[in-house]
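This report describes a protein chain for a reader who is new to structural work. Please consider the sequence and the structure together before reading on.

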Amino acid sequence: MCGIVGYIGDGKAKEIIIDGLKRLEYRGYDSAGIALCIDGKIETRKHVGGIENLEKIIDDKEYESNIGIGHTRWATHGAPSDVNAHPHNNEDNTVTVVHNGIIENYTELKEALIKEHGIKFRSETDSEVIAQLIGVLYDGDLHEAVNNAVKKMRGAYAIGVVCAHEPDNIIAVRKDAPLVAGIGKGCNFIASDIPALLKYVREIFLIENNETIVVTKNEIKIYDENGQTVKRDVFHVTWDADAAEKGGYPHFMLKEIHEQPKGLEDTLLRRLDKDGRIKLDGITMTKKDIESFNKIYIVACGTAYHAGLVGKYTIEKMARIPVEVDIASEFRYRDSFVDENTLFIAISQSGETLDTLAALREAKRKGARILSVVNVVGSSVARESDDVFYTWAGPEIAVASTKAYTTQLMCMYLIGLYMGYTKGVVDNEYYKAMLEELKAIPDKLRLVLKNESLISDLADRFYHREQIFFIGRGPDSGVSYEGSLKLKEISYINSFAIAAGELKHGTIALMEKGSLVFALSTQDALFEKMISNIEEIKARGAYVIGITKEGNKEIEKQSDESIYIPDCPDELTPLLTVVPLQVFSYYVAKNRGCNIDKPKNLAKSVTVE
Ligand code: F6R
């Protein structure tokens with residue numbers, strides 16, 4: 001994810017900023033850049049790739065200053081490239097900006113800047129709009145220009161701004177993206193994250209939403225959105241750098257589990273226009289194309305494949321097009337029924353999974369239209385697709401995928417809903433109601449996460465089991481597969497998932513005293529069937545933990561214990577039910593002393609067959 005570092009003081013800004021950026025490298029990035037104020041000018045250097053590439057082009061004694069800002073970029077708008085890297089400058093290079101987050105109305109702002117001021121843009125980013133806007137509004141007072149620019153911006157952002165005419169201050173603003181200010185001696189700092197600053201300072205101001213800071217060498221002034229100065233207590237950081245990288249969480253996996261509400265919000269809001277309808281910016285698929293599809297293949301591996309399993313239910317229900325879900329390593333070697341009326345959806349967090357890429361190429365060769373759901377901008381899957389529907393999970397560092405999965409599910413809902421509405425299969429009422437329900441999901445997920453201790457108690461009691469089952473029907477079966485994979489990959493427990501109706505065709509033979517079964521029972525129409533399945537397995541001595549929606553008290557009569565998720569339409573329950581399973585796996589693995597973020601035998605990106 002993008003990182004920001006800024007410095008002003010008596011020291012060498014270049015060294016300090018580069019060092020700070022290096023401390024943010026663990027979060028993942030694709031390009032880096034720095035801008036220094038030198039002799040009344042802004043001097044910007046940026047490069048695609050690692051910080052070592054940037055260091056090569058700034059290895060120059062003349063390139064030094066005591067004020068500057070730097071950035072590591074995780075591409076969102078526009079592929080990773082030198083020109084899209086931050087900092088971004090205004091037209092005459094007097095204002096420079098680093099930005100984390102999204103400017104939702106950047107197209108609108110960009111068009112106005114071109115039309116009214118004849119501005120020539122250099123990059124494809126939303127961030128350049130901020131620099132150009134501040135440049136146009138600047139009239140001798142950078143703080144005021146930034147305040148006026150922010151009033152026109154919609155979205156989530158943390159920005160750092162420097163101006164060639166004011167080499168004695170950095171202005172920074174926070175709205176829904178992290179920002180801190182570091183308090184030094186004869187120097188001060190800004191950063192998106194505390195680890196960037198820990199080598200230099202431990203006294204920090206935590207900046208709140210809608211606050212602006214004016215940072216000079218000797219002072220940090222904080223202003224609220226009405227321009228009133230704010231008094232903030234100093235936060236003394238006691239964590240070591242390793243704990244700080246994980247934001248205070250013991251593992252990246254737990255941090256990423258907790259980042260899911262935000263990832264879902266970002267993935268959804270990025271795709272909604274100002275009237276709250278789905279917009280497919282950058283996607284060229286037309287109504288005619290959608291009407292021409294007579295089948296859809298969703299192809300992926302592992303967790304991404306499990307997102308596809310839920311996607312099948314969603315898209316078939318909403319768009320009424322037959323969907324086949326396949327494992328990429330199977331699809332690529334079989335003679336599938338792909339033709340020019342096929343939509344091929346590849347799902348991949350990394351966008352580099354070899355089997356998924358090979359399957360995509362095979363489908364393309366046969367004439368399918370390729371839509372990918374990818375987390376890494378500019379990755380191979382993204383580049384080779386006709387259209388890309390990005391997940392906005394941010395970089396996922398733990399090997400076990402969590403936030404990528406839920407954001408992939410969000411994309412499945414948006415794709416299904418968009419296609420269904422375009423084809424006239426779902427009416428306006430359903431379309432609007434479903435979008436409202438999707439908007440409510442992040443807060444419901446926050447409620448689920450509040451029950452973390454209940455789930456960790458379960459893990460404390462059951463972590464020594466050697467065999468754990470997950471069952472469900474409809475979309476719940478898809479989530480069961482994901483719950484089972486999570487558990488086995490990080491705790492090494494032999495876990496098994498199966499569509500509940502299949503139990504009696506063989507697997508029920510394994511049920512006995514000591515078996516632990518998670519029974520996902522969120523689908524109203526299938527609830528009674530699930531209750532029968534639970535009775536069957538309980539009769540064989542298994543211990544059953546039911547997962548259902550609040551209010552379905554019936555489950556308590558049948559299962560030994562119950563986990564409730566907040567009420568929501570049946571279609572959307574996978575976004576919530578998977579989370580207790582992720583949390584359970586995490587705490588089971590922790591109890592078993594496993595290496596949670598880097599489980600044995602697994603790699604984050606599988607680029608071999
Ligand atoms: C499991 C996991 C893997 C990946 C799979 C595909 O937690 O992360 O199963 O989902 O290797 O990877 P991507 O999504 O990068 O194509």
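In which kind of contact do the side chains of lysine 538 and aspartate 560 meet? They meet in a salt bridge, with 2.8 Å from N to O. A salt bridge is here a side-chain nitrogen of Lys or Arg within 4 Å of a carboxyl oxygen of Asp or Glu.

This is a predicted model, in which local features need pLDDT of at least 70 and side-chain atom pairs count only at pLDDT 80 or more, while totals for chains, interfaces and linings use all residues. Residues are numbered from 1 along each chain as its sequence is written, and side-chain values use heavy atoms, with hydrogens and water left out.

**Salt bridges**

The rule gives a count of 37 salt bridges. Three of them are set out in the table.

| Residue pair | N to O distance |
|---|---|
| Arginine 369 and aspartate 289 | 3.4 Å |
| Aspartate 443 and arginine 446 | 2.8 Å |
| Lysine 538 and aspartate 560 | 2.8 Å |

The pair of lysine 538 and aspartate 560 links distant parts of the chain, 22 residues apart: lysine 538 belongs to helix 18, and aspartate 560 to the loop between helix 19 and strand 25 (561-565). Helices (H or I, at least four residues) and strands (E, at least two) are DSSP runs, numbered from the N terminus. Lysine 538 is partly exposed, at 27% relative accessible area, and aspartate 560 is partly exposed at 32%. For these classes, buried means under 20% relative accessible area, exposed means over 50%, and partly exposed lies in between (1.4 Å probe, protein chains only).

The salt bridge between arginine 369 and aspartate 289 has its partners in strand 19 (residues 369-374) and helix 9 (residues 287-292) respectively, so it ties together parts that are 80 residues apart in sequence. Arginine 369 is buried, with a relative accessible area of 18%.

Aspartate 443 and arginine 446 are three residues apart in helix 15 (residues 428-450), and about one helical turn therefore separates them. Arginine 446 is partly exposed, at 32% relative accessible area.

**Helix 18**

Helix 18 spans residues 527-539 and has 13 residues. From its first C-alpha to its last it reaches 18 Å, close to the 18 Å expected at 1.5 Å a residue; the expected span is 1.5 Å times one less than the number of residues.

Which residues of helix 18 are buried? They are Phe527, Met530, Ile531, Asn533, Ile534 and Ile537. Seen down the axis of helix 18, these buried residues fall within an arc of 160°, so they line one face of the helix. The arc is that of the directions from the helix axis to the C-beta atoms. On the other side of helix 18, Glu528 and Ala539 are exposed.

The cover over the buried residues of helix 18 includes strand 21 (467-472), strand 23 (516-520), strand 24 (543-549) and helix 19 (554-558). Contact here means heavy atoms within 4.5 Å. Just after helix 18, glycine 541 takes a positive phi of about 100°.

**Domains and their interface**

The domain assignment gives domain 1 (3-238), domain 2 (245-449) and domain 3 (452-591); such bounds come from an automatic or database domain assignment. The C-alpha centres of domain 1 and domain 2 lie 32 Å apart. Their contact takes 17 residues from domain 1 and 16 residues from domain 2.

About 1,400 Å² is buried between domain 1 and domain 2, and carbon and sulfur atoms give 66% of that area. Buried area is the accessible area (1.4 Å probe) that two parts lose on being put together, summed over both. Tyr26, Trp74 and Ile102 supply 42% of the area that domain 1 buries against domain 2, more than any other three residues. Across this interface the rule finds zero salt bridges.

**Backbone features**

Most residues other than glycine have a negative phi, and most peptide bonds are trans. A cis peptide bond, with omega about 0°, joins histidine 86 and proline 87. Proline 87 lies in the loop between strand 4 (67-73) and strand 5 (88-89).

Aspartate 39 has a positive phi near 50°. This aspartate 39 is placed in the loop between strand 2 (31-38) and strand 3 (41-48), and at 78% relative accessibility it is exposed. Asparagine 210, which is not a glycine, has a positive phi of about 65°. The loop between strand 11 (203-206) and strand 12 (211-215) holds asparagine 210, which is partly exposed at 28% relative accessible area.
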